[in-house]
Amino acid sequence: MGIEVSTGRPAVIRDDKYRFDSFKNGKVFEGKKQGRLPAMGWNSWNAFGSGNTAALTRAMADKFVELGLDKLGYEYIVLDDGCYRQERVDGELANGEVKFPEGFRTLADYIHGKGLKFGMYNDIGTNLCAGAAVGTCGHELTDARSYISWGVDFIKVDNCYYLWDNATFSNAENAQYTYAPNIKSIEVEGNGLAIKLSAKCGELRGAGAEIKDDYVTNIGTFDGTGPQASPVGDMSAELVFKIEAPADGEYGLQIRYAAGKEAGAGSWLQIAAGPEGDTKIFYDDMVPAGDGPTEFISSKPFNISLKKGKNIIRLMNHRRQENTLCSYAALLEAFNEVDKDHGILLSICEWGKTQPQNWGYKVGDSWRILNDITFQVGGDGNPGRGEWASDYTPGVAVQYNKAVIMDEFAGLDKGWNDPDMLMIGMNGLDMTQCGTHFAMWCMMNSPLMLGLDLRRVNKGDEIYNIIANEDLIALNQDALGIQAKRVYSTLAKEAPDKEYIRDNERADILAKPLADGSVAVSFINLSDHEWTQKLDVSIDTILKFIGDRMKDKDSFAAAASYKIRDLVSKDEKVLDAKEISVSGIPAFGNVTYRISPVKA
Amino acid sequence: MSPREFTDKLAELGGGKAFEKAFSDEALKAAGIDMDAPRLTRIDAAIMLHKYMLEVAGIPDLEDISGAAVLKDLYDCRKCVNHIAQVYLRGLMKPVSYPLPDGSSILLFDAKSEDMSSWTNQQICGIMP
């Protein structure tokens, strides 16, 4: 029995596999494929926004093959937003009559006929981001049937108009589902125990919650859509009370709370209790509303079970993550039901809002980590515009800064961090920036989804030479499937692989183990001026950070010398030392090497 | 004012076949505009004004939209960012000043509120090539 999703209320969770407490168990859901490398292809959004058409898509597929991109590993042609009719027809998805008159099956056949794979787009909410009222919420099985009948190989699923979160276009008051109420105190009674504890007697676990006056607020999962917070570490908070129970049995728990409908103070409460490490959920629902987030009222007594001795009572709300997981799981389960052998790749696009690095691996093949890399998408005849950096999520460096410390969440058994589609070929980025953009995405095992009008590319031109760099693609598609780790940053204080650094006045060094025993090392200048100082990294430092994930750490360490291949210039040299150095990296530039041990 | 009435206003500026194509019901629907809605929202107005600039008047987008980040709700509507930024930076739509308890204020675009006609045909004409 899978999860049931509807527009009526958040899913009722009857299986703990959908719960926060299962996020770290490493288990994926049925139908989620493991062992896949990052997806490569073309997506219509950055190139054409919602103005894509069947004719343009066919032209892209033609050019895709003409350029030989299919021979380089690129395989998916993905229709993003703007391809459906504005409403369902007899409850089913339908092609936009003007832009996609031939229907999706015909287009899929055309793309498949070229040896490529066909991808589409939808949303876990009620509407797609561009407005069409055809979101999958409550229609998962119907839509899964449609997608499979159309021959879809890839589905990107967005998060606009989501009913249970204050997502884009959603009602801001949906925050009521994503945060627990403010809590002032609890009372526990039963089996001779009668105790009242103020919130200050509780323990704040995780991150984000805080004591304000005499109550605790911000119990929930913080929003990861923007670039402000690190993706590493705890993303949510709980208020935990330690209770010594006199006997096994039932107890009454009364909570003094103030419910709201805003970020930080919501109305959905989860109560778990029991011995540390073995708590059970006793309540998971809305609480009656009061008069706002500072007007405290007493709840009815909730029944909880405690074991004799030490127990904890957890007051929390992990529904922001759990609801979103349930929505994506419902779609995966629908695909399983229609065709248990389906191989549809699921690209989660909830923009990092619910910290999908914690749960995305269970259902998806990749998960976006931030809001969009550009909001200035192109159109037919307009390349659109990208930028290197900004104060929000647009920009190569913004997305990179977050993704580069997220390697712990990625892998062949999980899936991939997705810092959004490539902006190579859009206005606003010069070729040095585009080259570094590509090298970064390859090093970080990010999906490589081209986002430009391919008709603007010709074999051998500057853009082609970047996107067709087989040496860099080989890093992204390396069979070992390990995202590079940042082993040095000029601005890191202690842990370059964990510290979230947003100041681009710096240079980074990344290292990535490869299946043949070699290591890719990338020296990246994020700044807007030449990096004149020498940057160096020792073999010991590389081993310290990635040695445990290398194919043959000992042979690499013991090598008498190393063959170094520059993956852009293709120059090769032999290094007899145990230190690799680079100097004079141009503004926004990179130097990326493949370093192979030479046996003594 | 409704979206349809707003479209009629824009039609008064002219544009011939380009206008007919860009502002057909189908095109507006595809752009997320509910043409049967009784009231024009500010985001409807922004989308249509931006559409007019690009597709009818042939006015290219401003490249640098970072100045629009003063609107604290700019990124709340991720697919609307460029529409809002372009009409705000061109001076076609004014922001809404929202007072804070400490006496200061922030600027919002306030996309979902009804448009208070902070635009005029003259303003649009003013940016025509």
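Start with chain A of this predicted model and select the strands β21, β22, β23, β28, β25 and β26, which in that order form an open sheet of 6 strands with antiparallel pairing. At its edges are β21 (485-489) and β26 (572-575) of chain A, each of which pairs on one side only. Ignoring direction, neighbouring strands of this sheet are turned by 25 degrees against each other on average.

Next, select residues 519-525 and 590-598 of chain A: these are strands β23 and β28, which run antiparallel and are joined by 6 bridges. To find one residue pair here, pick A:Val521; its bridge partner in β28(A) is A:Tyr593.

Then select residues 539-546 of chain A, helix α10, which lies across β21, β22 and β23 of chain A. Helix α10 runs at about 135 degrees to β21(A).

Move on to residues 319-338 of chain A, helix α5. From first C-alpha to last, its 20 residues reach 28 Å, close to the 28 Å expected at 1.5 Å a residue. Is α5(A) largely enclosed or open? Of its 20 residues, 17 are buried, so α5(A) is largely enclosed by the rest of the structure.

Finally, show both chains. Their contact takes 20 residues from chain A and 16 residues from chain B. On the side of chain A that touches chain B, 6 residues are nonpolar, 11 polar and 3 charged.

Technical notes:
Residues are numbered from 1 along each chain as its sequence is written. Chains are lettered from A and ligands numbered from 1 in the order in which they are written. This is a predicted model: local features need pLDDT of at least 70, side-chain atom pairs count only at pLDDT 80 or more; totals for chains, interfaces and linings use all residues. Two residues are in contact if their C-beta atoms, placed from the backbone, lie within 7 Å. Ala, Val, Leu, Ile, Met, Phe, Trp, Tyr, Cys and Pro count as nonpolar, Asp, Glu, Lys and Arg as charged, and the others, Gly among them, as polar. Helices (H or I, at least four residues) and strands (E, at least two) are DSSP runs, numbered from the N terminus. The expected span of a helix is 1.5 Å times one less than its number of residues. A residue is buried if 20 or more other C-beta atoms lie within 10 Å of its own, exposed if 12 or fewer, and partly exposed in between; C-beta atoms are placed from the backbone. Two strands pair if DSSP finds at least two bridges between them. Axes are lines fitted to C-alpha atoms, for helices over the stretch in contact, and angles run from 0 to 180 degrees between N-to-C directions.
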